[in-house]
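This report concerns pockets and charged side-chain pairs. The sequence and the structure are shown first.

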Amino acid sequence: MSSEQQEGAELQQILAQVSELQERRLQSQQHIRLLDVGKEEEQEEAAPPCRSLPQLCSIPRRLVISPGLGGAPVTPQLTESLRRILFGGTFHVFNYEWRKSVFQFRESDSEFSYALETDRGGTRPIQMVVQARVIKHLLFVRQSSSEGRTLQSLCVGPRDQERALAVALSDSLWLAGQEVSATVTLVTEDYCITPHLDYKLDNFTERLQLFTFNNKDDVRKFIFDRIQCFTDEGSHGVILFLYSLICSRTVDRLKEDLDSTTSHLLYLSLGNFVCRQALLNLLLTGRASPNVFNGTVNFGEDGRPLEHPLQGVMSRSDVGYLHWSREQMERGRLPPVGSMLKTPRFPVWLCSINNSHSVLFSVNRSLLSDWKMEHLFHLFYYNGQTNQTTRLTVDTHSHHWEASSSHSDPEKRFPSLEMTIRTKWDGAAIDWNSTVPFY
């Protein structure tokens with residue numbers, strides 16, 4: 001019997017044992033307790049003692065670390081806390097779309113060597129925030145001089161791709177750890193916990209090993225040395241990064257970040273788990289505030305104090321955020337993005353356009369510090385799906401944008417990408433430079 005067949009047999013055996021144990025416990029109960037995954041249970045059954053289980057995981061062996069590397073094994077309390085802060089309960093697990101998502105670049109040494117291949121599902125916002133930080137690093141950190149900075153500055157080889165990704169991931173984790181510490185989660189060979197009845201085994205979370213660092217350079221080097229754990233097929237790379245992000249912030253801090261409108265970071269939509277705004281803000285600012293306005297709102301529209309204040313963005317981010325939704329606009333419910341997100345430290349923005357995420361950026365860092373640069377300038381747009389970086393020319397001093405439009409169809413008169421840009425530069429005229437506008 002081959003090693004793969006032996007692992008398959010072990011997998012079937014252990015799943016059968018878990019199923020039998022659950023069935024026996026259900027039969028011994030007088031009634032079946034219904035689980036409400038959206039609410040915290042008042043009393044949680046104590047988890048059994050930790051013990052090692054046979055190796056069961058779809059992650060390739062080359063991506064599984066040895067316990068001898070150090071770190072701290074995950075605890076039963078942490079696995080349950082991760083599930084609750086992500087899903088609202090302990091019985092949801094990541095689906096196939098999430099498990100297959102990794103951070104993978106397009107062909108190196110090409111005009112798109114800076115670009116990550118992104119998925120269309122729930123992981124795309126996470127991948128696009130990392131993409132924004134990769135662009136920030138390649139344009140403004142790796143190349144310190146502003147002279148000659150063009151799209152060609154984004155053309156890099158495989159080693160620079162890996163280095164840029166390690167920097168982007170570590171930047172997010174360090175920010176989440178309040179720029180004091182960061183935690184990286186990887187998968188080890190042994191199980192660290194045995195689940196109880198209310199916890200659904202995923203053969204992945206139960207094998208996490210946590211590595212905490214108090215120096216940012218150490219975080220970057222650790223990730224860079226094991227970058228394949230986030231990039232290779234089968235690595236669960238996006239989930240590993242998300243777990244690292246939560247552990248860097250800590251569950252306790254995350255609960256303090258959230259307000260009465262949000263209790264967890266993901267929600268189920270059309271069969272897939274989708275990122276809430278709180279998770280996007282955690283990625284962008286290091287704090288999981290559920291709203292995009294500046295500061296905290298303590299009073300309602302009627303002027304009365306709110307029983308539970310609404311939490312917004314408290315600090316200026318290095319990568320910005322722009323939001324546009326035609327549906328929300330038509331309903332008068334478009335959330336106003338505050339200046340903390342609209343005007344980041346670097347001219348790179350995550351864009352949420354009709355619930356699809358992309359990146360908008362400029363190669364001129366002075367765009368956000370010199371008002372004269374905002375008269376006429378270029379922006380570049382990448383949506384993660386096509387082999388195209390669209391070049392847009394933005395004119396903030398021409399005739400009003402509505403006057404120059406000849407289309408009678410509102411969908412064509414006002415492309416959503418243009419409307420997104422105008423949330424930052426109100427009234428700007430936008431030239432697509434021979435590119436056919438997409439909506």
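In this predicted model, the lining of the second largest pocket comprises eight nonpolar, eight polar and 10 charged residues. The volume of the second largest pocket is about 450 Å³. Its lining counts 26 residues, with Leu175, Glu179, Thr285, Asp318 and Arg345 closest to the centre. Helix 4, helix 5 (158-176) and helix 10 each give two or more residues to this lining.

The largest pocket has a volume of about 1200 Å³. It is lined by 34 residues, and Tyr267, Gln277, His323, Gln328 and Asn355 lie nearest its centre. Among the elements that give two or more residues to this lining are helix 4 (124-141), helix 10 (277-285) and strand 10 (320-324). By class, the lining has 13 nonpolar, 15 polar and six charged residues.

Side chains of opposite charge can pair when their charged atoms come close. The structure holds 18 salt bridges, including the three below.

| Salt bridge | N to O distance |
|---|---|
| Asp318 and Arg133 | 2.9 Å |
| Asp171 and Lys216 | 3.0 Å |
| Lys100 and Glu97 | 3.7 Å |

Asp318 lies in the loop between strand 9 (305-311) and strand 10, and Arg133 in helix 4, so this pair ties together parts 185 residues apart in sequence. Both Asp318 and Arg133 are buried.

Asp171 in helix 5 and Lys216 in helix 6 are 45 residues apart, and their pair links distant parts of the chain. Asp171 counts as buried because its relative accessibility is 12%, under the 20% limit, whereas Lys216, at 34%, is partly exposed. Shared partners join Arg133, Lys136, Asp171, Lys216 and Asp318 into one network of salt bridges.

Definitions and conventions:
Residues are numbered from 1 along each chain as its sequence is written. This is a predicted model: local features need pLDDT of at least 70, side-chain atom pairs count only at pLDDT 80 or more; totals for chains, interfaces and linings use all residues. Side-chain values use heavy atoms; hydrogens and water are left out. On a 1 Å grid over the protein atoms alone, a cavity is a set of points where a 1.4 Å probe fits but cannot get out, and a pocket is an open set with protein on both sides within 12 Å along at least five of seven lines; lining residues have an atom within 4 Å of a point. Grid points are joined across faces, edges and corners, and a volume is the space filled by probe spheres set on the points. Helices (H or I, at least four residues) and strands (E, at least two) are DSSP runs, numbered from the N terminus. Ala, Val, Leu, Ile, Met, Phe, Trp, Tyr, Cys and Pro count as nonpolar, Asp, Glu, Lys and Arg as charged, and the others, Gly among them, as polar. A salt bridge is a side-chain nitrogen of Lys or Arg within 4 Å of a carboxyl oxygen of Asp or Glu. Buried means under 20% relative accessible area, exposed over 50%, partly exposed in between (1.4 Å probe, protein chains only).
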